[in-house]
Amino acid sequence: MSNRIRCDRTPAWAALRALYDQQGRNLDLRQAFAADAQRHACLSLQAPHVFADLSKNLIDDAIRAQLTELASQCGVTHHRDAMFAGAQVNRTEQRAAMHWLLRQPAEGRNDLPPAVLAEWAQVQTVLDGMLAYAQAVREDAAITDVVNIGIGGSDLGPQMAVLALDEFVDPAKRYHFVSSVDGHELSAVLRRVRPESTLFLVASKSFSTQETMTNARSAKAWFHAQGGRDIARHFCALTSNVQAAAAFGITTTFGFWDWVGGRYSMWSAIGLPIAIAIGPQRFRELLAGAHAMDQHFRTAALAQNLPVQLALLDIWYRNFHGFGSRSVAPYHSGLRRMQAYLQQLEMESNGKRVDEAGQPLPYATSPVIWGEPAANGQHAYFQLLHQGSDVIPVEFIAVRHVAHNLPEHHHKLLANGLAQAQALMLGQQDAGGHRHMPGNRPSTFLLLDELTPTSLGALIALYEHRVFVAGSLWGINSFDQWGVELGKVLAQAIEPRLASGDTQGLDASTAGLLQRLRAP
Ligand code: F6P
């Protein structure tokens with residue numbers, strides 16, 4: 001940890017500033033391709049299960065080399081190795097960040113430090129138990145509905161993965177995800193299920209999150225009111241707070257550890273809905289894909305290391321070009337919750353304004369992450385991407401082979417993805433007025449051969465490590481989330497006021513809104 005150096009305190013940072021002024025600011029992608037027939041080949045990287053074309057980004061060899069030098073000078077490799085050694089890289093909470101251990105196979109375990117090896121053994125015990133349980137639920141024809149009650153990391157990963165892996169999902173059961181405390185969500189699901197055929201999974205690392213506990217209590221009350229008796233069969237808890245789950249009355253529990261961050265937890269017991277949906281073997285493939293990316297991140301040279309290179313682009317765009325957001329454009333409808341997943345992963349991890357030592361940062365950190373499955377996005381906001389006043393880097397995610405039997409659809413989809421990336425870069429320079437498109441708008445193109453548990457695991461681990469590297473360079477702790485606490489505390493204070501009407505001491509806006517909400 002002591003080897004970490006904040007990005008702005010390195011010689012490479014100053015060198016990058018000079019490079020930006022000399023050639024970065026005005027780099028023209030069209031000229032860069034015309035001048036270098038090898039640009040696509042040189043600026044492409046193959047990581048496990050993910051190919052990345054970085055060539056439509058606003059970089060050249062000198063910039064890329066200097067960015068890589070920045071990663072080296074900041075001590076990213078030491079920081080990475082500290083995380084993989086089980087050090088307390090989450091310093092504000094005095095915790096390790098060992099989500100990678102959840103996908104560590106038996107092979108290679110003897111290289112783990114002894115304390116981590118002991119944790120690994122526990123991971124295997126829970127994993128085996130959880131997968132046996134998942135298999136039993138799959139074989140249980142009487143269970144037709146699985147309802148996951150959880151929010152944030154206890155919802156987004158499982159939901160995203162179950163949708164993405166639909167091809168592998170057992171169609172005999174339906175999967176529901178209830179996250180918000182908005183009662184519309186839970187009641188819509190409860191209208192469609194019956195107590196004797198429903199399994200409720202209460203997923204919460206802390207087992208204290210207001211939304212989840214409110215939904216869990218209401219689900220349990222509904223279950224009893226509908227004549228449900230057997231809580232042990234119909235309720236299962238996924239949590240690191242096993243005692244709280246027991247106090248709630250749930251006896252079937254799969255645990256995990258404080259060193260698994262909520263947004264990094266889909267590989268743990270939180271992944272149970274995925275395991276039920278796709279089965280134990282496929283769940284192990286998901287873990288294996290992620291592990292392959294872990295190995296790439298741990299061993300590839302910085303210049304060939306895809307998470308590192310993507311993070312460096314993030315820094316280049318955020319801190320030198322000043323771009324405030326990145327749009328994610330998955331050209332696969334199965335990835336339709338990907339951007340929501342990435343919003344938590346990236347913005348909860350790196351949406352920070354102080355460094356690890358608590359000092360205010362003199363530069364910007366996480367961009368806003370947003371997007372839609374892109375065929376829809378094209379007919380909505382792509383106008384702004386092409387002609388809006390802001391430059392927004394776009395990340396395309398495409399899949400070569402698909403599961404359906406409609407080849408014409410797939411060709412059209414891919415053609416659209418390629419064309420959008422091309423149009424962003426080329427623009428329409430010869431047209432004037434409203435038809436003019438400036439072009440030179442950067443994009444990254446990520447390509448999977450197929451969307452399988454293995455490739456999805458690799459893709460998600462790629463993003464996890466990219467976020468780690470960006471946070472490492474920015475000098476922040478990517479593993480805490482203190483910024484979400486204040487709103488939770490204030491909501492607790494406001495809730496009784498909604499009932500009582502007491503507005504004393506409130507700011508005038510909150511008081512006025514509260515009175516309006518209470519008006520008959
Ligand atoms: O409020 C944010 C957060 O703490 C996330 O980090 C987390 O994923 C989510 O709430 C849910 O937390 P839990 O799994 O403890 O219910």
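Contact, on this tour, means heavy atoms within 4.5 Å. The model is predicted, so local features need pLDDT of at least 70 and side-chain atom pairs count only at pLDDT 80 or more, while totals for chains, interfaces and linings use all residues. Residues are numbered from 1 along each chain as its sequence is written, and side-chain values use heavy atoms, with hydrogens and water left out.

**Stop 1: the core**

Select leucine 456. Leucine 456 touches Met160, Ala161, Ala164, Leu165, Leu286, Leu335 and Leu451, leaving aside residues up to four places away in sequence. A nonpolar core is a set of buried Ala, Val, Leu, Ile, Met, Phe, Trp, Tyr and Cys residues joined through side-chain atoms within 4.5 Å. Buried means under 20% relative accessible area, exposed over 50%, and partly exposed in between (1.4 Å probe, protein chains only). The largest such core has 124 residues, and Leu70, Leu272 and Leu456 touch the most other members. Now colour helix H19, residues 453-474, which gives the most to this core, with 13 residues. Helices (H or I, at least four residues) and strands (E, at least two) are DSSP runs, numbered from the N terminus. Another core lies apart from the largest one; its 21 residues include Leu186, Leu190, Ala216 and Ala237.

**Stop 2: helix H8**

Select residues 183-190. In this helix, H8, the residues Leu186, Val189 and Leu190 are buried. They sit on the same side of H8, because they cover an arc of only 100 degrees around the axis, taken from the directions from the helix axis to the C-beta atoms. Then show what covers them: strands E3 (145-149), E4 (174-178) and E5 (198-203) and helix H9 (210-225) are included.

**Stop 3: the ligand**

Which distances separate polar side-chain atoms from ligand oxygen atoms? For serine 206 the distance is 2.6 Å, for lysine 488 it is 3.0 Å, and for glutamine 344 it is 3.1 Å. Taken alone the ligand exposes 400 Å², and the protein buries 87% of that; these areas come from the Shrake-Rupley method with a 1.4 Å probe, and for residues only the protein chains shown count as cover.

**Stop 4: two loops**

Select histidine 49, in the loop between strand E1 (44-47) and strand E2 (50-53). Phi of histidine 49 is positive, near 70 degrees. Finish at asparagine 440, in the loop between helix H18 (407-426) and strand E11 (443-450). Phi of asparagine 440 is also positive, near 60 degrees.

Notes
Polar contact = N/O pair within 3.5 Å; in protein donor to acceptor, adjacent residues only side chain to side chain.
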